[in-house]
Amino acid sequence: MNTVCNEDCLHCPYEDCILETVTGNAFRDIIEVEKMATRISQKQCDHKRYRREYDKARYLANRDEKLCCQAVYAQSHREEIKRYKAEYLETHRDELKAYSAAYYKAHREIRAVQDKERYAAKKAELAAQNAAYRKQHSDEIKAKKREWYAAHKEEISARQREWRAAHRDEVNAQERERRRRKKERKVAAAMLPDPGGQQPIPAGTAAALGRAFTELQKNGNCDNVTLNSNQIIGG
């Protein structure tokens, strides 16, 4: 077997180099080939950049005309476009859903920041628009809500039952607190003086009287206690 190096590393007939070091001529050939590849790659990049800038300038120069043509085409082929979109969505539903989920997950923080900034910049305008729309379409909105509720009545009831079962203690505590406050208000109203010339008790004092009476009831000392509202408030 011939083991003489021909110093043509780019077309070497051997599986592995038979020399310990690359010769000067072979090294110059390798450098020249790499430079040539770099120049070709640079030319391709320049061509792509030029083509991109040219297409952008051409689009901006004919933008109005293109938009007008697109609007005319969309208007004349509305049903066809709608049918094509529906067919495409039905055919690629799973693929589009997976792509949207992956994109949203990858850009969740960026989208959240952008949405907050956009909403903060147009908060007053959006609020005014929503209020005007609700006022103008009040009957329509109420009718849609009634229809939706009638269609999902069983589902809503099931969810409410599940939520109440999961938060039973919290609901009971809120109900007890509501009843306690209602009872205090009733007691305070009963302790108010006759409006025949007497000064009415302030709301804060009335609530305090109600709470005091509730404490007396809890301790079982309300049988022998007679509360005079005028004496309590210094009247």
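**View 1. Helix H7 and the positive patch of the predicted model**. Helix H7, spanning residues 138-151, contributes three residues to the positive patch, the most of any element. The patch lies on the surface and gathers Arg134, Lys142, Lys145 and Arg146. Arginine 134 is placed in helix H6 (residues 123-136), and with a relative accessibility of 49% this arginine counts as partly exposed.

View 2. Glutamate 140 is partly exposed, its relative accessible area being 37%.

**View 3. The pair of arginine 51 and aspartate 55 in helix H1**. The closest N and O atoms of this salt bridge are 3.6 Å apart, and the two partners, both in helix H1 (residues 24-61), are four residues apart, about one turn of the helix. Aspartate 55 is partly exposed at 36% relative accessibility, as is arginine 51 at 46%.

**View 4. Glutamate 177 and arginine 180 in helix H9**. A salt bridge of 2.4 Å, N to O, links the side chains of arginine 180 and glutamate 177, which both belong to helix H9 (residues 168-191) and lie three residues apart. Through salt bridges with shared partners, Glu177, Arg180, Arg181 and Glu184 form one network.

**View 5. Cysteine 68 and cysteine 69, without a disulfide**. The structure holds zero disulfides; for cysteine 68, the nearest cysteine sulfur is that of cysteine 69, 5.8 Å away.

Technical notes:
Residues numbered from 1 in each chain as written. Predicted model: local features only at pLDDT ≥ 70, side-chain atom pairs only at ≥ 80, totals over all residues. Heavy atoms only, no water. Patch = residues over 30% accessible without salt bridge, like charges linked within 9 Å, V, L, I, M, F, W, Y side chains within 5 Å. Areas by Shrake-Rupley, 256 points an atom, 1.4 Å probe, with all protein chains shown as cover. Salt bridge = Lys/Arg side-chain N within 4 Å of Asp/Glu carboxyl O. Lys, Arg positive; Asp, Glu negative; His and termini not counted. Charge placed at Lys NZ, Arg CZ, Asp CG, Glu CD. Helix = DSSP H or I, 4+ residues; strand = E, 2+ residues; numbered from the N terminus. Buried < 20%, exposed > 50% of the residue type's maximum accessible area, 1.4 Å probe, protein only. Disulfide = S-S within 2.5 Å.
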